[in-house]
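Here is a friendly briefing for anyone meeting this structure for the first time. Take a look at the model, then read on for a short tour.

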Amino acid sequence: RIAIIDYGSQYTRLITRRLRELGAFGLVYNSNATAAEIAGKDLKGVILSGGPNSVLEPGAPGLDPAILALGVPILGICYGQQLLARDLGGQIHRSTSREYGKAEITAVPEGSMLFAGLPHQQQVWMSHGDHVEVAPAGFTVTAKTPSVPVAAMEDPKRRLYCLQFHPEVTHSAQGTPLLLNFLKSCGMALDWNAGNFIEEKVQVIREQVGKGTVVLGLSGGVDSSVAALLLHKAIGDQLTCVFVDHGLLRKDEMKQVQAYFAPFELKVNWVDASDEFLGALAGVTDPEQKRKIIGGKFIEVFEREAGKVKADFLGQGTTYPDVIESSGIGGAILVKSHHNVGGLPERMKLKLVEPLRELFKDEVRATGLALGLPEEMNQRHPFPGPGLAVRLPGAITRERVTILQNADAIFMQELKDSGWYRKTSQAFAVLLPVQTVGIMGDERTFEWMCALRAVTSEDFMTADWARLPHELLDRIAQRIVREVKGINRVVFDITSKPPATIEYE
Ligand code: XMP
């Protein structure tokens, strides 16, 4: 493991990614992490990330000196370099302006560990204010630019390596070989992949759970499905899954999930709680109110069903981005109260098992594939916890849910048949609470209006509307109006996020 100490750089997650692409496992820690927190037999090296602060400001985040005494190689990037320089007696040049963008360094690969075998002239990505003017004693300067006298430095004795630029950004032409050289000096076995992740995790889960039992809320989404399969591989029938149908799922969702999981012989309690949920939602139109009702009901139903299992542990498909987001890095504002089961473990007095905590989404998918999850299931678009409730502005009735499910099913089928499902990150139909006049045959109609939403997105924090071909949109609109009773008009949503959100409520 490489410990990555995060000083707030927008690139910290990229460092983790690059390491994993190279087969090395990295974990991010807060800037106040102590040596005791990151130490361990599996610790092979430490990376200090960049960050927006100046190391010369009072109160700037620092480095526990005991980390230097752990004896593993340390790579300081940008702020990390300045921090090491400051703490070890170098001189920092204070700057009021930031240098941002591509730059060319002149490196000295001869005798350098980091630059070994790399060219003298290299394009790099800079993003910094201050820089190191004079390297501390024991360090050799290994790269410079016309404006930055210490663009890189290293102390081979203490195995301290520093870069002013960002090797994790692809604009740094030699970024990957630089990181690889650092990993070599750490003596890392570059063997991180889905297969050995599964082997390792199975052992860890068995140790953690022992003879105990686990209950897991299976939603049919990628995360909970992969978590279920991994737990099942580790502990077999000591795992029971609970699938709650709240009546706001996609058309035939429960049947589909049942079919996907049939070959795995998991124990699953399939719970139809649709009457309970739709009853509680009757007449409610306020978006936040709807979310609260569904969230509360979900906990109630899940707790009741899980109680029947008498489990010792609660399994969850928490992934690495969830962990980072809830640790406060990035500081999100509350736009919508997300319904999740965060309060459950304390209420139910259950210990948590979260086997995917260290994985990014694409790694979760790779793990799913290696566990035999069907490709179609593995590539599913995300589906929100409150389900179709957030796609049904206005009051929710069973009839409106059915109309929406039918329109959505046509949209999904057409996207899959045309290859556009894979090219979009999320797509769905919305049933607007608006009736419009139409003409069908010789008849006047007065029916509901349907909106189609399709977006591309990296992380769902921002999204762009997908440029679906007009012919495809035409076919979908014609089919929906022809085949779905209750809809006589279809519109396509062309707003990005921001300013709109992906869901309608
Ligand atoms: P918004 O609408 O906020 O959605 O742009 C961003 C992403 O989050 C999903 N979403 C949810 N997921 N529980 C979830 O598990 C929720 O309450 C929830 N609300 C929105 C949404 O589908 C999109 O992928």
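Touching, or contact, here is a matter of C-beta atoms, placed from the backbone, lying within 7 Å of each other. Please keep in mind that this is a predicted model, in which local features need pLDDT of at least 70 and side-chain atom pairs count only at pLDDT 80 or more, while totals for chains, interfaces and linings use all residues. Residues are numbered from 1 along each chain as its sequence is written.

**The annotated site**

- The UniProt annotation "active site", from an unreviewed entry, covers Cys-78, His-166 and Glu-168; such annotations may be inferred rather than shown by experiment, and their positions are given in the numbering used here, with feature names shortened.
- These residues are spread over 91 residues of sequence, yet they cluster in space, with a largest C-alpha distance of 11.4 Å.
- His-166 sits in the loop between strand S11 (160–163) and helix H5 (175–186), and Glu-168 lies in the loop between S11 and H5 as well.
- Helices (H or I, at least four residues) and strands (E, at least two) are DSSP runs, numbered from the N terminus.
- His-166 counts as buried because it has 24 C-beta neighbours inside 10 Å; the cut-offs are 20 or more other C-beta atoms within 10 Å for buried, 12 or fewer for exposed, and anything in between for partly exposed.
- Glu-168 has 27 such neighbours inside 10 Å, so Glu-168 counts as buried too.
- Apart from residues up to four places away in sequence, Glu-168 touches Tyr-11, Leu-14, Ile-15, Arg-18 and Gly-175.

**The nine-stranded sheet**

- Nine strands form an open sheet with mixed pairing, in the order S2-S1-S3-S4-S11-S10-S9-S6-S7; two strands pair if DSSP finds at least two bridges between them.
- At the edges are strand S2 (26–30) and strand S7 (121–128), each pairing on one side only.
- From one strand to the next, the twist averages 25 degrees; axes are lines fitted to C-alpha atoms, for helices over the stretch in contact, and angles run from 0 to 180 degrees between N-to-C directions.
- Strand S4 (residues 74–77) runs parallel to S11 and is joined to it by four bridges, with Ile-77 opposite Leu-163 in S11.
- Helix H1 (residues 12–21) lies across strand S1 (2–6), S2 and strand S3 (45–48), at about 160 degrees to S2.

**The five-stranded sheet**

- Five strands form an open sheet with parallel pairing, in the order S14-S13-S12-S15-S16.
- Strand S14 (267–272) and strand S16 (351–353) each have a single partner strand, so one side of each is left without a neighbour in the sheet.
- The twist here averages 30 degrees from one strand to the next.
- Three bridges link strand S12 (residues 214–217) with strand S15 (residues 313–315), and Leu-216 has Gly-315 as its bridge partner in S15.

**Helices H6 and H13**

- The axes of helix H6 (residues 194–209) and helix H13 (residues 361–370) come within 9 Å and cross at roughly 80 degrees.
- H6 is therefore roughly perpendicular to H13, a label for angles of 65 to 115 degrees, with under 35 called roughly parallel, over 145 roughly antiparallel and the rest oblique.
- Ala-194, Gly-195, Phe-197 and Ile-198 of H6 meet Glu-363, Ala-366, Thr-367 and Ala-370 of H13.
- Just after H13, Gly-372 takes a positive phi of about 95 degrees.

Key
Contact = placed C-beta atoms within 7 Å.
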